[in-house]
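Subject: Handing over the two-chain model

Hi there,

Here is the model I promised to pass on. Have a look at it first, and then read on for my notes.

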Amino acid sequence: MFFDTSLLSLVIWLPILGGIAVLLNGDNGFTRPLSLIVSLVTLFLSAGLYTGFDMTTHDMQFVEHIPWITTFGIHYSLGIDGFSMPLIILTAFSTVIVVVAGWEVIQDRASQYMAAFLIMAGLMIAVFAALDAILFYVFFEAMLIPLFLVIGIWGGPNRVYATIKFFLYTFFGSVFLLIALLYLRHVSGSFAILEFHAVALTLTEQTWLFFAFLIAFAVKVPMWPVHTWLPDAHVEAPTGGSVILAAITLKIGGYGLLRFALPITPDAAMTFDWFVIALSLTAIVYIGFVALVQSDLKKLIAYSSIAHMGFVTLGLFVIFGIFENAATGSGAVLAVEGAVVQMVSHGFIAAAMFLCVGLLYDRMHTREISAYGGVINTMPVFAGFSVFFAMANAGLPGTSGFVGEFMVILAAFQANFWYAFLAATTLILGAAYSLWMVKRVIFGEVSNDNVAELQDVNRREFWMLAVLAIIVLAIGLWPAPLIDVMHASVEHLLTQVLQSKL
Amino acid sequence: MTGPLILLAIPSVLAGLLIGPMVFGHFFGDAIFVLAEHDVLSQLNYHGVFGFMLHGLQEPPFWLAMAGVGAAYYFYMVNPSIPAKLHRSFNWLYRILENKYGFDRFNEVVFSGGSRLIGRVLWKVGDQTMIDGAVVNGAAKTVGLVSKKMRLVQSGYLYHYAFAMILGVWLLLTYFVA
């Protein structure tokens, strides 16, 4: 009974309470096994959200609705649809990977490290599940704290600059979000996000709200030109921090645009779609070139993340152009589904890429590309995985990286040939920066004594990468299970977006 | 390596026997569609695979290929001084061919080098100088700078504060009265 009606709460609070338990337990032999168990049980429970999910409806499922602060009409209100469910499972999965990745590597304050990630998992799942605006906002902000600590405590030499930059950047954005939410409450008389969707707004109101949402979520995505916090944060973050940052927190930006900007302010979104498309295409092309010249492995992958997230925002905002040109909305469905597939796929690929860099960093303590060369001679198994993930990052057909990009490019054609043309340059630029990096790091003769002494992946590292490789390949070859769950929600979103509020 | 190569060589010799049903027959069914007016294959007179082979042996392409084999044999096995002489007297031609008409070099300099140049400019000028330098760190610097100046106002002297108050009252008065 409890399990049926409170599964979402369980998936949110189990990792948070588990994290607190890990923290209280302190650093001893139980720290790591306990963390692993908590994360595995969370993943197992989140799988229940998939098996119990009704794909035929766009309605919110696993709904929970309890008064929280009655004076202000704030509710503890949860529910998921086809957009949030895959992202919740992705979060639960990434947390397991992070716990495994930190197993031997984190020796300093391991319990605090594990606890931070477990608590963050609960907070991020809550962000995806929240149906009350204030609940969303609280978790949206709370999420910054563990990440701030993770980078600030276990980070690299320049971590203070990176954390403050990251914190101020995101905080700057969320102030506008808070104002927008309060204004919507003023208009609709409720904090329920679904009621925000229904409220009628003039174009002026929508425009202000739209840009408030855009600033808040563009920083998270991150979109050009508010992206410069990401490379710094990634470079300074420990491997686990980079994995979560790339796999989940960026997705919250895309999710926010889906959940708030498009359905609440559809007319403003239609009026300013060119603006978001221009920023997305800039991200794809400009950042692709910038990624090419990076000499730091993590910076290169961070920039490549920004370029890939450009596809998400592009997919979400080409829909208006498609509706203008095409009689049917099938292209728009393709665009939005492509955007969500890209989010999930990038979650796995970027996580894997950062894990690969982490494995090298653990051994050589440098991220400079020039310090490597010929790694394949000493770490053949690792080299195999790295080449595979680099190919996936470049969007090789058969990997999940291809599916989302392909769908978005295909859909963009229906809006404007040049959108598709510019977006497709990523296939060249992505291949260029990914493969050139692989060539310099992995292939060739052993370049120095440090590389000559490298040890190949151990069993823990092997399985961590193998699981990710299997998933990347599985989504690449058979994306249907992922696309099917979101289909009803995508169609509902499109009807909302097409319904003018004027 | 020899084993797989032999295995590959056997079908490559024999595969031609299937040309009748594959190319001229209906092996591919509707998978390949050709408009009637573009159907060049039907204009060939195909009379079985051996006729096809004999016909092929009588045509110039075959004899040109054979001449190439013969010339290569003579130049490099019988009389290797000839290519060496050609190399000396047609050095410019040799270099053009050796460098593949310079396309590799062109790609390396223009496309590869150009992309890296664009990337470096966008990164250094766009990201580091304009976005990070001017806007992000610029905002922090501006706050710091303004605060530094504002701090001087708090001198601790009572008569400074009194004077500031009088100035304020005067400003308010002029605003409301005038």
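Let me start with the contact between the chains: seven residue pairs, both members at pLDDT 80 or more, are in polar contact between chain A and chain B. A polar contact here is a pair of N or O atoms within 3.5 Å; within protein, one must be able to donate a hydrogen and the other to accept it, and residues adjacent in sequence count only if both atoms are side-chain atoms.

Before going further, a word on conventions. This is a predicted model, in which local features need pLDDT of at least 70 and side-chain atom pairs count only at pLDDT 80 or more, while totals for chains, interfaces and linings use all residues. Residues are numbered from 1 along each chain as its sequence is written, chains are lettered from A and ligands numbered from 1 in the order in which they are written, and side-chain values use heavy atoms, with hydrogens and water left out.

Back to the interface. There is one salt bridge between chain A and chain B (a side-chain nitrogen of Lys or Arg within 4 Å of a carboxyl oxygen of Asp or Glu). Lys165(A) and Asp132(B) form a salt bridge, with their closest N and O atoms 2.6 Å apart. On the side of chain A that touches chain B, the elements giving two or more residues are α8 (159-188) and α14 (273-292) of chain A; helices are DSSP runs of H or I with at least four residues, strands are runs of E with at least two, and both are numbered from the N terminus. The largest share of that side, four residues, comes from α14(A).

In area terms, chain A and chain B bury about 1200 Å² between them, 65% of it on carbon and sulfur atoms. Buried area is the accessible area (1.4 Å probe) that two parts lose on being put together, summed over both. Tyr286(A), Phe289(A) and Val293(A) supply 41% of the area that chain A buries against chain B, more than any other three residues.

Now for chain B itself. Its secondary structure comes to eight helices and zero strands. The C-alpha trace of chain B spans about 115 × 55 × 40 Å along its principal axes. Of its 178 residues, 7% count as buried (under 20% relative accessible area, with exposed over 50% and partly exposed in between; 1.4 Å probe, protein chains only).

Finally, take a look at Ser304(A), which sits in helix α15 (residues 297-317) of chain A. Ser304(A) counts as buried because its relative accessibility is 1%.

Best wishes
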